[in-house]
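Here is a short briefing for a first look at this structure.

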Amino acid sequence: MQPPFSPVLVTIGPVSIFWYGLLIATGIMLGARVAAFLAEDAGENPDNVWDMLMVVVLIALVGARLYHVFSSPQGGMLGWDYYKKNPLDIFAIWHGGLGIYGALAGGALGVVLFCHFRKLNVMRYLGFVAPGAAIGQSIGRWGNYMNRELYGPPTTLPWGLDIPPQYRIVPYTDLTQYPLSTRFHPTFLYESLACFILCILLIWIATRMRDKLRDGDLLFGYLAGYAVIRFFTEMLRPDAWMMGSLAAAQVFAIGILVVCAGVLVLRRVLSRQRA
């Protein structure tokens with residue numbers, strides 16, 4: 001299995017439009033639609049979501065790119081060692097290279113800034129945005145498929161990916177050990193499906209358990225859920241940025257899961273004590 005198309009969707013003169021960018025844009029718009037729906041369902045003005053969209057997206061893109069640029073991935077993938085020698089390529093995001101943790105941090109900062117100036121409840125709106133972020137990730141991961149990236153180790157499963165030699169990373173560039181018939185785990189697909197399920201679960205909780213939720217619960221639930229997803233999918237990332245025996249994303253995932261689970265439990269305990 002491999003994409004039936006080139007990574008480039010269409011070229012108009014000197015300008016090329018990539019599938020990667022189109023799918024990320026689609027994920028952003030669908031995520032914003034989910035956030036606007038949740039805001040309206042909770043009695044808030046959904047226009048606030050659309051008004052903050054540009055600010056949130058721009059800061060999220062900056063955060064995502066910076067995370068990638070300053071990373072040190074394995075397998076010959078681009079990271080700080082490359083970008084410090086080729087600084088202009090930092091801006092070439094159409095070639096891929098966006099770190100989700102950087103995107104989450106940047107996007108959250110964008111929401112905080114917008115809510116501060118509009119005098120809106122920050123935690124409430126972060127909760128609206130969280131399920132939208134999950135569906136956005138689910139759609140955006142297919143951009144990795146089009147770029148022939150974010151694949152895992154070899155597999156004999158029927159849904160394994162065929163990766164052409166020019167898109168392979170070390171050690172899979174050795175065609176003697178890994179011939180053209182070798183297929184690889186579609187790590188992007190596993191994360192895409194898991195994020196879709198997480199989004200549906202959060203929407204269900206938001207609409208069916210609204211009276212039991214506190215502002216920000218959806219945010220912490222999303223972060224905890226995604227931390228679990230990322231911890232396990234990172235096991236299938238031969239290009240992972242390593243920190244000792246664990247990938248950096250796994251280290252961050254453990255920290256996020258512990259903090260978010262602790263916050264959710266503490267909120268419930270304090271709420272009962274006050275009751």
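Asp217 and Arg267 are both buried, where buried means under 20% relative accessible area, exposed means over 50%, and partly exposed lies in between (1.4 Å probe, protein chains only). This is a predicted model: local features need pLDDT of at least 70, side-chain atom pairs count only at pLDDT 80 or more, and totals for chains, interfaces and linings use all residues. Residues are numbered from 1 along each chain as its sequence is written, and side-chain values use heavy atoms, with hydrogens and water left out.

**Salt bridges**

- The side chains of Asp217 and Arg267 form a salt bridge, at 2.7 Å from N to O. A salt bridge here is a side-chain nitrogen of Lys or Arg within 4 Å of a carboxyl oxygen of Asp or Glu.
- Asp217 sits in helix α7 and Arg267 in helix α8 (residues 248-274), so this pair ties together parts 50 residues apart in sequence. Helices (H or I, at least four residues) and strands (E, at least two) are DSSP runs, numbered from the N terminus.
- Arg124 and Asp215 also meet through their side chains in a salt bridge, at 3.2 Å from N to O. Arg124 belongs to helix α5 and Asp215 to the loop between α6 and α7, so the pair ties together parts 91 residues apart in sequence.
- Arg124 is partly exposed, at 29% relative accessible area. Asp215 is partly exposed too, at 31%.
- Arg118 pairs with Asp51 in a salt bridge, and their closest N and O atoms are 3.1 Å apart. This pair links distant parts of the chain: Arg118 is in helix α4, Asp51 is in helix α2, and they are 67 residues apart.
- Arg118 counts as partly exposed at 39% relative accessibility. Asp51 counts as partly exposed at 41%.
- The whole structure holds 10 salt bridges.
- Shared partners join Glu44, Arg124 and Asp215 into one salt-bridge network.

**Helix α2**

- Helix α2 covers residues 47-69, which is 23 residues. At 1.5 Å a residue they should span 33 Å, and the end C-alpha atoms are 34 Å apart, which agrees. The expected span is 1.5 Å times one less than the number of residues.
- α2 bends by about 45° at Leu53. That bend is the angle between axes fitted to the seven residues ending there and the seven starting there.
- Its buried residues include Val49, Met52, Leu53, Val56 and Ala60.
- The cover over the buried residues of α2 includes α1 (19-41), α3 (80-83), α4 (100-118) and α5 (122-146). Contact means heavy atoms within 4.5 Å.

**Helix α6**

- Helix α6 runs over residues 187-208, and its 22 residues should span 32 Å at 1.5 Å a residue. Its end C-alpha atoms are 32 Å apart, which agrees.
- Among the buried residues of α6 are Phe188, Leu189, Cys195, Cys199 and Leu202.
- The buried residues of α6 pack against α1, α5, β3 (161-162) and α7 (217-233).

**Nonpolar patch**

- Leu9, Val10, Ile12, Val15, Ile17 and Leu22 make a nonpolar surface patch of about 470 Å². Patch residues have over 30% relative accessible area and no salt bridge; like charges are joined within 9 Å, and nonpolar side chains (Val, Leu, Ile, Met, Phe, Trp, Tyr) within 5 Å. Areas come from the Shrake-Rupley method with a 1.4 Å probe, and for residues only the protein chains shown count as cover.
- Strands β1 (8-12) and β2 (15-18) each give two or more residues to the patch. β1 gives the most, with three.
- Ile17 lies in strand β2. Ile17 is partly exposed, at 39% relative accessible area.
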